[in-house]
Amino acid sequence: MPRSTRPVRDVLFVDGVRTPFGKAGPKGMYHETRADDLVINCIRELLRRNPGLPPERVDDVAIAATTQLGDQGLTIGRTAALLAGLPKSVPGYAIDRMCAGAMTAVTTTAGGIAFGAYDVVIAGGVEHMGRHPMGEGVDPNPRILAEKLVDPSALVMGSTAENLHDRFPHLTKERADAFAAASQAKYAKAVADGKVQPDLVPVATRSVEQGWGLATDDEPPRPGTTVDDLAGLKTPFRPHGRVTAGNSAGLNDGATAALLVSDEAAAEFGLTPKMRLVSYSFAGVEPEVMGVGPVPATEKALAKAGLSIDDIGLLEINEAFAVQVLAFLDHFGIADDDPRVNPYGGAIAVGHPLASSGVRLMNQLARQFEERPEVRYGVTTMCIGIGMGGTVVWENPHHADYTQEAAA
Amino acid sequence: MTTTDLGTVFPDEVVTTAHVRVVSLPLGAGKAALITLDNGHDHTKPNTLGPATLLGLEKAIDAAYAEPGIVAVAVTGKPFILAAGADLKGMALVTQRPQALALGQLGHRVFGKLANGPVPTFALINGLALGGGLEIALHCTYRTVSTAAQGIALPEVFLGLVPGWGGAWLLPNLIGADKAVTVIVENALNQNRMLRGPQVAQLGIADAAFDGADFIERSLHWVAQVVRGDVVVSRPEVDRSSEAWDAAVARGRAIADGRLHGATPAPYRALDLIAAARTVSREEGFAAEDEALGDLIMGDDLRAGVYAFDLTQRRAKRPAGAPDKSLARPVTKVGIVGAGLMASQLALLFVRRLEVPVVLTDLDAERVEKGVGWVHAEIDKLAAKGRLSPDARNRLTALVTGSTDKAVFADADFVIEAVFEEMKVKQQVFADLEAVVSPECVLATNTSSLSVTEMASRLRHPERVVGFHFFNPVAVLPLVEVVRATQTDDPTLATAFAVGKTLKKSCVLVKDAPAFVVNRLLTRFIGEITRAADEGTPLDVADNALAPLGLPMTPFVLLQLVGPAVALHVAETLHDAYPERFPVSENLRRLVAAGKPGIWSWNEQGKPYLDDSTAALFEQGPTALSADEVRERALAAVAEEVRIMLDEGVVADAQDVDLCMLLGAGWPFHLGGITPYLDRSGVAERAAGGRFLPPGVASVVRA
């Protein structure tokens, strides 16, 4: 093929599913359920929901996990694909970019589709923080401290959030708590309206003490949480600090997976896109304020798309910490309670099983696109440990101009 | 007898807990109560069902029904296991018929609650489901099965019971009499054949099958669909005509007669229950099951069956007297001296199980080529049947080679000889081998009767010689008699046991005594039958005298299978050792001399008859015994021989004799091998000075 004529192909987000998210730890519903079984359930659900797709036509399975040990190890994309019953001819691999694992699985495989290496991929992530607590098995290079390459607080995510409060003193604990309470309320309303449930695949939960159960709903949310409830919570990362369990995402277990295809493959298999990929970017920031990462990542992704923040009608931003969302909104001049932002609530309510969350953001944006055909573009963005941010810009296929341009 | 008193009968029951959890069904179908059976151990210790377990399950079912607003109850088990059926150990402790009856009634009462609840019930057959485990499922309104599930069966008849917790009535009414006969009688009597998940669905036992990957999830989704009415379960109509039903039961009877000749009651009781199931009500059917359980649990056939099952499951895996496993040396190459049929069969077995180079030698290239060619052809046949992948076929084919030069054994770790049964020949073979192999190389002999000690006596390293006696057909019969000669050392013995285990054989340690265990007992037994015939008992009377025992074949048919020449050789060896007890029949000598393949000829219908030329060889005396007399004499001889073998220390215990007869001769479970039968028939007392096993070990202790 002559170099100059290789086409860049459109990448379509066809479908995404996730397990209900659980609380990590001995009391959590997934405590005795394997991490790989969580993601296997998601892969099988995608195939069931898209029966027109021949499984052997999946070109790759990219699954992210932050801690790639035990039931999250063994090249989890490959083993999960085999265990999910995909043909042995379908390859797979493992991805890690901490919290943005699933997002990176999507962008990396999307690059492969655009380039023409893939027609169909499954991309997702899993994190069982109960079986694999943060920091399990890490071995930081001693030069990090010796040469002061990174502030020692950079490896403790809660401390990086406190650092953000330092950097932006006007982002107060009160604003963070208000945002957190609103997240709980928005999530509760979304559940009541049946917006969340369609993305969920039930998971059988194992318990030696209680017998089998069935996870059908998210475990972390605390509906009815008020600002007053949050005001008195402990600040575990700093005495008299601002970051609490109430204005942060918890420690959670869960998995996600998405089906991405080229536009030709969508036509071939009769698959209807929920979103079209417009652009994506990752950016680095100082690790001790990793929460600000989405700012440069989004600036970069918008610039590549030739769009401005004013073109973005919906924003799904991961709520690792309320302050980190506020820093993003503050930068772009968006109000704390802007209805474009996380309309179904966010990770503070639903949970954040690290490497799985990226696809949850995409699922929710895709649902909102369906409801809001007047919105042309949306963004999914998240902060990432060791000082990064990632942003993906999506186009709504339900928008009136979408088909016109496709025809043109 | 109340059911709660049963707890005192089963003091050491490993209780399987029935956990109840309320789950939200998918599709907004409502709440269901999900019961999980779990004994708290991993999948290597399956859930079993004793009285305490049943009472716990009953509480769980009651609690499930009491949950406000539930729309369904589902029952499943811990990973890979639903339940492995009744607690057999406990069953062997029942001493009174009322206890046995109560046990049956308790099962019916508890399981019956699953059929008579306020909401539909669903069994999720997630794995192993045997006997009572499968009966739990049969009581439910609907069933799903995992396509990955293995070990689903009603094995009661195999042990000497009937599916008496509802299975004998429910199964034929669910899937029809013919399929029920297959599951309950035919499979049970066919070495306890079990079903896999997809077959369970095909037979109509389960209404839906789902993959193992998300079996519980998909089953509960299906439950939701059924509850909502999205899925309507339809089952093929059962042919309830008396013609079809009677034909099915008659087929079952023919199968039972073919194998057991009416020798043990269980299959016939099961067939009676299946026959009645067409017309009797559920209550009547279950009551009849209770009565059958009462009779069978209080019968010695079941106790012998449970004893035999335990021997084959436990003692066979931990051979009495075997040295520490850690002493075993690795076997990375196997040599086989001889390339005849037996040697070739050994080569095939060794290469398939050990997956190491196997070298055959023989006197000339033609024989070697023939032997190696036979093994290669058998490997090809396995590949053609899909039992070996093309790669595995290539691997195994390349591993089997031959030579006329024993030097190829130089780096072998285990060499077994399967040459002509003559001491001088075998001694020479071992001497030749010793010149080639390392001092640690195990030299094994597949001799069926010669002294292993004498065979080793001229070697520099006699301590590495061991007997390793297979049974024909090598691929089928699971027994290897491992013979410790006088000088055999522990590492050699341990290596032999390790090889036997890798070959998936059950090994029994035996002393170096003439013909070891199985051939000695069979020869003594056939010798008595032959003697009766020689003295004048009609051949068919003599040959069928043991029919009431339900042995796999008559003595003369066995003689034909073994081959008269081999039988004569073993008889002569034993005669040399014990001339009084092991006479050599002149008729047998004439049969061999005439090159006859056996006593009987077979007509076109497969019936035996005595052809004129054989009859002409046979000289009989004037004394005709009745079948009863022949049987008493033969059994007395067997009892006497077992006693002598135990006194000589040929094996550690009577249990080992039984294990040998079960696995090496295919003697039936309901005899417990043989000593339980000799005990309960009184033959042991009359002919061998007392019982072989204490009362209760393989018999009912009546309170």
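1. Two strands are counted as paired when DSSP finds at least two bridges between them. In this predicted model, strand β3 (residues 70–77) of chain B pairs with strand β5 (residues 121–125) of chain B through 3 bridges, and the two run parallel. Within this pairing, B:Ala74 stands opposite B:Phe122.

2. Strand β2 (residues 31–38) of chain B is also joined to β3(B), here by 7 bridges and again in parallel. B:Ile35 faces B:Val75 across this pairing.

3. How many residues of β3(B) are buried? The number is 6 of 8, so the strand is largely enclosed by the rest of the structure; a residue is taken as buried if 20 or more other C-beta atoms lie within 10 Å of its own.

4. Some backbone geometry deserves a comment. Most residues other than glycine have a negative phi, and most peptide bonds are trans. B:Leu27, which is not a glycine, has a positive phi of about 65°. B:Leu27 belongs to the loop between β1 (17–24) and β2 of chain B, and with 14 C-beta neighbours inside 10 Å it counts as partly exposed.

5. In chain A, A:Thr75 likewise has a positive phi, of about 50°, although it is not a glycine. A:Thr75 is located in the loop between β3 (60–64) and α2 (76–83) of chain A.

6. The peptide bond from B:Asn472 to B:Pro473 is cis, its omega being near -5°. B:Pro473 sits in the loop between β15 (465–469) and β16 (479–484) of chain B.

Notes:
Residues numbered from 1 in each chain as written. Chains lettered and ligands numbered in written order. Predicted model: local features only at pLDDT ≥ 70, side-chain atom pairs only at ≥ 80, totals over all residues. Buried ≥ 20, exposed ≤ 12 C-beta atoms within 10 Å, placed from the backbone. Helix = DSSP H or I, 4+ residues; strand = E, 2+ residues; numbered from the N terminus.
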